[in-house]
Amino acid sequence: MKTFKKVILCMAITGILSSYACSNDDGEEPVNEPPTSEVPATLTGDWMDSWSWFMQYEFEPLLYNSNTKVWFRGSHDAWSMDPRPGFGLQIDDKANFIWTVVASTSTGGCQVYTAEYLKGTVNVEDNKMTFHPTVRRKKYHSVCNPGNDFDRDEDKGSFSLNFKITDGEKYHGNEVKVLTLIHPDGSETAYSQTKI
């Protein structure tokens, strides 16, 4: 039951990200450079989704390689990668971000997964982050219905999310902070990070 809930949560996150996308982007349009802003130190680092955090997987910045157009470093899927990748949101002190989301279900031996990769810059103002993707790629794969598979660029339009940072429960004796992203529909997505 817990696994099912995690799958539903991951699918919801992918759906929320997809709600910002328009699938008719052919990836050929020029992308204007957005203004950059200083990112508070409290926001930088690797913010991991709950499963990656629990399993102590490290963030994988090359889940998708936009230069070679290769997913999963050439592996069959994300779970075939060695080492196993962690998913979440990485933000550096120069306002660059990479955001990865992978959701999977398996019913009757039919694995279905969706992977989404975003990369670009982020502006932070008060309690709002505005993401400016320069790369936005989405992949869908179904073992039993391969005719539905796709691997495509998504709309790279900017979008904003409110956020809050709170203390989480200690984990393995370490202090934890939680980044909660608040979507326009009121739903929330939480990512965790060890306090430094």
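How accessible is Lys195: buried, exposed or partly exposed? Lys195 counts as partly exposed, at 33% relative accessibility. Here buried means under 20% relative accessible area, exposed means over 50%, and partly exposed lies in between (1.4 Å probe, protein chains only).

This is a predicted model, in which local features need pLDDT of at least 70 and side-chain atom pairs count only at pLDDT 80 or more, while totals for chains, interfaces and linings use all residues. Residues are numbered from 1 along each chain as its sequence is written, and side-chain values use heavy atoms, with hydrogens and water left out. Helices (H or I, at least four residues) and strands (E, at least two) are DSSP runs, numbered from the N terminus.

**Aromatic pairs**

- The whole structure holds 12 aromatic pairs. Rings of Phe, Tyr and Trp (its six-membered ring) pair if their centres lie within 6.5 Å; planes under 30 degrees apart count as stacked, over 60 as edge-to-face and the rest as tilted.
- Trp99 and Phe131 form a tilted pair, because their ring centres are 5.2 Å apart and their planes stand at 40°.
- Trp99 is in strand E5 (residues 96-107) and Phe131 is in strand E7 (residues 128-142), so this pair ties together parts that are 32 residues apart in sequence.
- Trp99 is buried, with a relative accessible area of 0%. Phe131 is also buried, at 0% relative accessibility.
- Phe131 and Phe159 form a stacked pair, 5.3 Å centre to centre with 25° between the planes.
- Phe159 lies in strand E9 (residues 159-171) and Phe131 in strand E7, so the pair ties together parts 28 residues apart in sequence. Both Phe131 and Phe159 are buried.

**Other aromatic features**

- One aromatic cluster is formed by Tyr64, Trp71, Phe72, Trp79, Tyr113 and Tyr117.
- Arg152 places its charged end over the ring of Phe150, 3.8 Å from the ring centre. A charge sits over a ring if NZ of Lys or CZ of Arg is within 6 Å of the ring centre and within 35 degrees of the ring normal.

**Salt bridges**

- There are nine salt bridges in the structure. Each is a side-chain nitrogen of Lys or Arg within 4 Å of a carboxyl oxygen of Asp or Glu.
- Arg136 meets Glu116 in a salt bridge (3.2 Å, N to O). Arg136 lies in strand E7 and Glu116 in strand E6 (residues 110-125), so the pair ties together parts that are 20 residues apart in sequence. Arg136 and Glu116 are both buried.
- Asp151 forms a salt bridge with Arg137, with the closest N and O atoms 2.8 Å apart. Asp151 is in strand E8 (residues 150-153) and Arg137 in strand E7, so parts 14 residues apart in sequence are tied together.
- Asp151 is partly exposed, at 31% relative accessibility. Arg137 is buried, with a relative accessible area of 13%.
- Arg137, Asp151 and Asp153 are linked in a network of salt bridges.
- Lys195 and Asp167 join their side chains in a salt bridge (2.7 Å, N to O). Lys195 lies in the segment after strand E11 (188-194) and Asp167 in strand E9, so the pair ties together parts that are 28 residues apart in sequence. Asp167 counts as exposed, at 58% relative accessibility.
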